[in-house]
Amino acid sequence: SESLVVCDVDEDLVKKLKQFRFRKETNNAAIIMKIDKDKQLVVLEEEHEVRTFVVYSYKYQHDDGRVSYPLCFIFSSPVGCRPEQQMMYAGSKNKLVQTVELTKVFEIRNTEDLTEEWLREKLGFFR
């Protein structure tokens with residue numbers, strides 16, 4: 001059996017994510033990341049790939065009228081990926097979450113299920 005590969009997080013990406021956490025804009029925004037297999041490093045993604053990490057700043061309107069901007073970490077884990085790739089992403093997910101101190105962590109198998117309703121339902125557990 002293959003051993004679990006845990007990738008480090010690129011230092012520039014860590015800085016970018018920390019800046020993203022405290023951004024002043026009030027719109028929804030996302031940072032999409034991927035693993036650079038050769039460097040074994042989580043990096044900013046330049047082009048869309050099937051399997052990704054997403055940090056999403058969501059404008060959340062609470063029932064009582066308050067507005068917050070939770071930072072959500074969404075781990076896309078589609079069915080049918082190579083086991084080696086699945087292990088690399090699964091192992092690196094926790095390191096990334098800890099490094100950037102993310103608390104709202106969600107996993108999704110099918111990206112078509114990623115809707116605003118799905119996200120609002122997930123965030124409802126954090127009220």
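**View 1. Lys 93, a buried lysine in helix H2 of the predicted model.** Lys 93 has a relative accessible area of 17% and counts as buried, because the cut-off for that class is under 20%. The residue belongs to helix H2, which spans residues 83-100. Leaving aside residues up to four places away in sequence, Lys 93 touches Phe 53, Phe 73, Phe 75 and Glu 107. Phe 75 lies 18 residues from Lys 93 along the chain, and the C-alpha atoms of the two are 7.7 Å apart.

**View 2. The buried side of helix H1.** Helix H1 covers residues 11-21, and its buried residues are Leu 13, Val 14, Leu 17 and Phe 20. These four span an arc of only 125 degrees around the axis, so they sit on the same side of H1. An α-helix has 3.6 residues a turn, and therefore residues three or four places apart point the same way. The cover over the buried residues of H1 includes strands E1 (8-9), E2 (29-36), E3 (41-44), E4 (53-57) and E7 (71-76), together with helix H2 (83-100).

View 3. At the start of the helix, a side-chain oxygen of Asp 10 comes within 3.2 Å of the backbone nitrogen of Asp 12.

**View 4. Gln 40, a residue with positive phi between E2 and E3.** Most residues other than glycine have a negative phi. Gln 40 is not a glycine, yet its phi is positive, at about 50 degrees. The residue is placed in the loop between E2 and E3. Its relative accessibility is 38%, and Gln 40 therefore counts as partly exposed.

**View 5. Cys 7 and Cys 72, two buried cysteines.** Cys 7 has a relative accessibility of 0% and counts as buried. Cys 72 is buried too, with a relative accessible area of 0%. A disulfide is a covalent bond between the sulfur atoms of two cysteines. With a cut-off of 2.5 Å between cysteine sulfur atoms, the count of disulfides in the model is zero.

Definitions and conventions:
Residues numbered from 1 in each chain as written. Predicted model: local features only at pLDDT ≥ 70, side-chain atom pairs only at ≥ 80, totals over all residues. Heavy atoms only, no water. Buried < 20%, exposed > 50% of the residue type's maximum accessible area, 1.4 Å probe, protein only. Helix = DSSP H or I, 4+ residues; strand = E, 2+ residues; numbered from the N terminus. Arc of directions from axis to C-beta. Contact = heavy atoms within 4.5 Å. Polar contact = N/O pair within 3.5 Å; in protein donor to acceptor, adjacent residues only side chain to side chain.
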